[in-house]
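Please look over the sequence and the model, then read the notes by topic.

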Amino acid sequence: MARVNLTDRFIASDKRVPTQGRADYQDALVPGLALRVTAAGHRSFVLVARYPLNPKNPTRRALGDYRAIGLDDARAKARQWIAQIAKGIDPKIAEARERAEAQRRQSNTFAGVARQFLERAVKGPAYLELEGQATRWRAQNLGFDARSALRAVCALPENAPLVRRSRTEGIAKKDEAIRAVDGDFVKRWG
């Protein structure tokens, strides 16, 4: 397959959309980087390389959707992955390790410990369930803040048992305790 100097104009062109299946366009600047276009018009970047876990066969792995990462970011990520492959490191495993490390670091912060304390000791399981429903409800009904969404979910008749349980679980004045911990301590010591 011939290599093409990928540009944003080239990628956005409707001429690149195949009538069926998928089409790959190899980048001329970064070896292994390709634009994959489906018949539905979806565009994504892939890196075709021999990864350390399967060095015998070239494998295609997604770098990201064209709307999520731009061409320059895709090239930078492909170059980074190629450098990792040259060192014998699988990029997917390296990214998973980085995410796990970042999550571990965040859970050891004061804000992480305060969040766990609020969930276990202050709120209780029923209140957490109501908060989860409010978050999902808020995603469907835009224009509501978290407090209004929680009130709306608590007002639903099917949630009456959860509301009763939330009054007995945790501490009595949840809102005041949450405001105090979040406002006074987490803002300062996060």
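Arg75 and Asp27 form a salt bridge, with their closest N and O atoms 2.9 Å apart; a salt bridge here is a side-chain nitrogen of Lys or Arg within 4 Å of a carboxyl oxygen of Asp or Glu. The pair links distant parts of the chain, since Arg75 is in helix 2 and Asp27 in strand 2, 48 residues apart. Helices (H or I, at least four residues) and strands (E, at least two) are DSSP runs, numbered from the N terminus. The model is predicted: local features need pLDDT of at least 70, side-chain atom pairs count only at pLDDT 80 or more, and totals for chains, interfaces and linings use all residues. Residues are numbered from 1 along each chain as its sequence is written, and side-chain values use heavy atoms, with hydrogens and water left out.

**Salt bridges**

- Arg75 counts as buried at 9% relative accessibility, and Asp27 is buried at 0%; buried means under 20% relative accessible area, exposed over 50%, and partly exposed in between (1.4 Å probe, protein chains only).
- By the rule above, the count comes to seven salt bridges.
- Another of them joins the side chains of Asp24 and Arg60, at 3.1 Å from N to O.
- Asp24 lies in strand 2 and Arg60 in strand 5, so this pair ties together parts that are 36 residues apart in sequence.
- Asp24 counts as buried because its relative accessibility is 12%, whereas Arg60, at 39%, counts as partly exposed.
- A network of salt bridges links Asp24, Arg36 and Arg60.
- Arg67 and Asp65 also meet through their side chains in a salt bridge of 3.1 Å, N to O; Arg67 counts as exposed at 70% relative accessibility.

- Five strands make an open sheet in the order 1-2-3-4-5, with mixed pairing; two strands pair if DSSP finds at least two bridges between them.
- Its edge strands are strand 1 (3-4) and strand 5 (59-65), each pairing on one side only.
- Helix 2 (residues 71-86) packs on the sheet and touches strand 2 (22-27), strand 3, strand 4 and strand 5, where contact means heavy atoms within 4.5 Å.
- The direction of helix 2 makes about 20° with that of strand 4; axes are lines fitted to C-alpha atoms, for helices over the stretch in contact, and angles run from 0 to 180 degrees between N-to-C directions.

**Strand 3 and its neighbours**

- Strand 2 and strand 3 are antiparallel and share five bridges, one of which pairs Arg22 with Thr38.
- Five residues separate strand 2 and strand 3 in their hairpin, where Gly32 has a positive phi near 95°.
- Strand 3 (residues 33-38) is also joined to strand 4 (residues 43-49) by five bridges, again antiparallel.
- The hairpin of strand 3 and strand 4 has four residues between the strands, and Gly41 in the turn takes a positive phi of about 95°.
- Both faces of strand 3 are covered: Leu33, Leu35 and Val37 are buried on one side, and Ala34, Arg36 and Thr38 on the other.

**Ile11**

- Ile11 is in helix 1 (residues 8-12) and counts as buried, at 0% relative accessibility.
- Leaving aside residues up to four places away in sequence, Ile11 touches Leu35, Arg43, Phe45, Tyr66 and Leu71.
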